[in-house]
Amino acid sequence: MGRLERAVAGALKADLPEGTRHVLVALSGGADSVALLHILRASSPQWGYELSAAHLNHNLRGEESLRDQCFVQDLCAAWGIPLTVESAEVARLAAERGQTVEEAGRVVRYALFARLCAQRPSAVTATGHTLSDQAETVLLNLIRGAGLDGLAGMPP
């Protein structure tokens, strides 16, 4: 087992709620989420959870967004992982709601994850992030004037 796999196993042991029976992977198609899916797929027999994935096409990058969607569809089909794909016009939603594109995308993504987890007993969502994502979150929260919770970064 490599360093990354050990780190994920440690996080599962520390942070996976007892009784979790299903893990939904937020699958963008980027390296972080694909690595997470790979590791969780390999460890699911050991931990005893079912695994599925969800992908939201934000429609922000034209053909590139569609390529990401096709990639995750092909990957999940090849690995035998159930996948839910949805599409949203995130730029339009951001303008309508007076939000940034990032905020609107996050709201739509997390609503998708919450809806899918609500359909399964004892389900959680797993997202893949790097240390630079964590550092960015802390810096943005610091700039916004966040309290201690914000300065702690992303929770497990």
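A polar contact is a pair of N or O atoms within 3.5 Å; within protein, one must be able to donate a hydrogen and the other to accept it. The structure is a predicted model.

The description begins with the sheet. Four strands make up an open sheet, with parallel pairing and the order β3-β2-β1-β4. The edges are taken by β3 (83–87) and β4 (123–126); each has a single partner strand, so one side of each is left without a neighbour in the sheet. On average, and with direction ignored, neighbouring strands of this sheet are turned by 25 degrees against each other. Between β2 (residues 50–57) and β3, the parallel pairing extends over five bridges. Within this region, alanine 53 stands opposite leucine 83 of β3.

Two helices lie across these strands. Helix α2 (residues 31–47) lies across β1 (22–26), β2 and β4, and runs at about 160 degrees to β1. Helix α5 (residues 101–118) lies across β1, β2, β3 and β4, at about 150 degrees to β2.

Histidine 58 is found in the loop between β2 and α3 (63–79). Is this residue, histidine 58, buried or exposed? The cut-off for buried is under 20% relative accessible area; histidine 58 has 18% relative accessibility and therefore counts as buried. A polar atom of its side chain lies 3.1 Å from the backbone oxygen of leucine 56. The side chain of histidine 58 is also joined to that of arginine 109 by a polar contact of 2.9 Å. Leaving aside residues up to four places away in sequence, histidine 58 touches Ala88, Glu89, Val90, Gly105 and Arg109.

Note on methods
Residues are numbered from 1 along each chain as its sequence is written. This is a predicted model: local features need pLDDT of at least 70, side-chain atom pairs count only at pLDDT 80 or more; totals for chains, interfaces and linings use all residues. Side-chain values use heavy atoms; hydrogens and water are left out. Two strands pair if DSSP finds at least two bridges between them. Axes are lines fitted to C-alpha atoms, for helices over the stretch in contact, and angles run from 0 to 180 degrees between N-to-C directions. Contact means heavy atoms within 4.5 Å. Buried means under 20% relative accessible area, exposed over 50%, partly exposed in between (1.4 Å probe, protein chains only).
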